[in-house]
Amino acid sequence: MMRRKIYDSLVRWKQEKAGTTALLIEGARRIGKSYIAEEFARNEYDSYILIDFSKAPARVKGWFDEYLEDIDTLLQNIQLHYKKQLTPRKSLIIFDEVQKCPRAREAIKALVADHRFDYLETGSLISIKKNVENIVIPSEEEGINMYPMDFEEFLWAMGNEVMMPYIRGRFEKRQPMGEFHREAMHYFRQYLIVGGMPQAVAEYVSSRNFTKVDAIKRQILRLYKNDINKYAGGAKARVGAIYDDIPGQLQKKEKKFVLSTLKDEARMREYDSAFFWLEDSRIANISYNTTAPNIGLQLNEDRTVLKCYFCDTGLLISLAFSTRGIVTNEIYQKLMFDKLEIDEGMLVENIVAQMLKASGNELFFYSNYDKEEAENRMQIDFLIQKEVVTSRHNISPIEVKSGTNYTLTSINKCIKKFGQYLSTPYVLHTKDVEIKDGLVYLPLYMTPLL
C-alpha cells in the first residue's frame, strides 16, 4: 500500500463533518485518487459502493436524472445494481470520475440532505465548461486537491520513515544536515527522476529498473495526450501545442512561455483558455508574473506573462527525452549521478514548482526588463507569501540554483528595492544549509517546508 498524506485529511473530514458535506478529491489522472478513496472506504466504513462513472452503464447515470426527487428509489436502485447492502451512517458511496456524470454531482445536495450515507467524489477536469454546463454546483460539496506523491511520500515508499523528520528538524533550527546531506540529495535525485506518479514509484521500488519506470511514465503521457484530443474541444490544437512545447520553453534561460514559438503573432487572449484547460486538468502548474513583489501577490498579477511547468518532473523527463521513443537506462544513470550534459535548470525549477504547489502555495515569479535602469532589471524564480498578510514583510523571494557556480544579482537587487515588503529570502541549491549575508541557503529537498 502506498501511504499518502491525503488519507489523514479524509479521516478528519469524516470525523468533523459527519455527513453534512460531500468531499471532492480533485487532481490529475493517475495520481491515485480512486485508490485512496477506496482504501479509505474499506478501512473507515462498514460497507461502501464505488460508482465509476467512466464505466457505469447509461441506466445508472440515468437514475440521477430520473429519481432526483425520489432519493429512496435512487439509493435502493444503486444498492440493487451493485449488490451491496449499505448501513445508514456507517456506509460510504464513492462517485469516481464524477465529471463524467454532472447530474450525479448536482444530486449531492439532495443526498447530503438525506443524511443516510457519506459521499466522496473524485474527478479531474472538474471546472471546464462542458462538465458544469446546466448544473448547479452544490454548496454541500467541499474540495481537496491531490497531487503526485511528494518527497516525503516518496521516502515512505522507499521504506525510509526517519529522513524527513530529521530534515524538518534541521530546517526549523536552520542547521546544516552535515553527513546526511549527501544521502538526502541521493534520495532527492531519485525522486526528481522517477517523479511522484504512484505506478512509476511502485515500479521503481520493486525493480529499481529505470527502463520499466519510463515505460509506465510514457503510458501516462499517452493518456494525457488522448485526454487533450478527447476533451479539449475547440481548444484541442492550442492545448496540444502548449503541451508539446513545455520542455522547450523550460530549457530557455528565461523559462517564460513565449507564444510566438507556437505561432507568429500569437496573442494571450487566443491561448488563455488553453492554459486554463491544462491547469484545470492538473497536467500543468502555471506561475504568473507579479508586477510588484509587495503586499499581496494576487493584487499585482499579470496573467499575460506566465511560466508553464509540468505537473510531475518524472513525466517531464520522459516527455523531454522522448525523441527516440524510450529514455535509455544510460540517460537515467547520468541524470542520477549529475553527469548529463544538459542544463538541469529546467528539471530543478520544475520540481521546485511541483513541491511548492503540493505544499499549498500559488505560483508567482517576478520579471522586470527595465531598459533604462539596470538596478530594476531582475528575475526572481518564485515568490511565496505568508498565510496572514500584514502591511510589510510578507513575501519571500526564492532563487533556484541547479549548479554549484552561480551569481545572486537578482535576489540582491530585489532585497535592495523591495526590502520592507520582504520576509526571508531563500536560495535553493544542491549544497547544505547556510545563512550568509542575509540570505538563507537551503538544499532543494527542503522546498516543501517553506
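User: Which way do Tyr426, Val427, Leu428 and His429 point from strand 12, and are they buried or exposed?
Analyst: This is a predicted model. In it, Tyr426 and Leu428 point one way from strand 12 (residues 426-429), and Val427 and His429 point the other way. All four are buried.

User: How many bridges join strand 11 to strand 12, and do they run parallel or antiparallel?
Analyst: Three bridges join strand 11 (residues 395-400) to strand 12, and the two strands run parallel.

User: What is the bridge partner of Val400 there?
Analyst: Leu428 in strand 12 is the bridge partner of Val400.

User: Switching to helices. At what angle do helix 9 and helix 16 pack, and how far apart are the axes?
Analyst: Helix 9 (residues 181-194) and helix 16 (residues 345-358) pack at about 90°, with their axes 11 Å apart. Angles of 65 to 115 degrees count as roughly perpendicular, so helix 9 and helix 16 are roughly perpendicular to each other.

User: Which residues make the contact?
Analyst: Helix 9 contributes Phe188, Tyr191 and Leu192, and helix 16 contributes Leu347, Ile351, Gln354 and Met355.

User: And by class, how many are nonpolar, polar or charged?
Analyst: The contact of helix 9 with helix 16 has six nonpolar residues, one polar residue and no charged residues.

User: OK, Gln99 next. Where is it, and is Gln99 buried or exposed?
Analyst: Gln99 is in the loop between strand 3 (91-96) and helix 5 (102-114). Buried means under 20% relative accessible area, and Gln99 has 9% relative accessibility, so Gln99 counts as buried.

User: What does the Gln99 side chain have a polar contact with?
Analyst: The side chains of Gln99 and Glu97 are joined by a polar contact of 2.7 Å. Also, a polar atom of the Gln99 side chain lies 3.2 Å from the backbone nitrogen of Ser124.

User: Which residues does Gln99 touch, leaving out those up to four places away in sequence?
Analyst: With those left out, Gln99 touches Thr122, Gly123, Ser124, Leu125, Ile126 and Asn131.

User: Backbone now. What is phi for Lys83, and where does Lys83 lie?
Analyst: Lys83 has a positive phi of about 55°, although it is not a glycine. Lys83 lies in the loop between helix 4 (71-82) and strand 3.

User: Why is Lys83 called exposed?
Analyst: Exposed means over 50% relative accessible area, and Lys83 is exposed because its relative accessible area is 74%.

User: And what about phi of Asp437?
Analyst: Phi of Asp437 is near 50°, a positive value in a residue other than glycine. Asp437 is in the loop between strand 13 (434-436) and strand 14 (439-443). At 70% relative accessibility, Asp437 counts as exposed.

Technical notes: Residues are numbered from 1 along each chain as its sequence is written. This is a predicted model: local features need pLDDT of at least 70, side-chain atom pairs count only at pLDDT 80 or more; totals for chains, interfaces and linings use all residues. Side-chain values use heavy atoms; hydrogens and water are left out. Axes are lines fitted to C-alpha atoms, for helices over the stretch in contact, and angles run from 0 to 180 degrees between N-to-C directions. Angles under 35 degrees count as roughly parallel, over 145 as roughly antiparallel, 65 to 115 as roughly perpendicular and the rest as oblique. Contact means heavy atoms within 4.5 Å. Ala, Val, Leu, Ile, Met, Phe, Trp, Tyr, Cys and Pro count as nonpolar, Asp, Glu, Lys and Arg as charged, and the others, Gly among them, as polar. Buried means under 20% relative accessible area, exposed over 50%, partly exposed in between (1.4 Å probe, protein chains only). A polar contact is a pair of N or O atoms within 3.5 Å; within protein, one must be able to donate a hydrogen and the other to accept it, and residues adjacent in sequence count only if both atoms are side-chain atoms. Two strands pair if DSSP finds at least two bridges between them.
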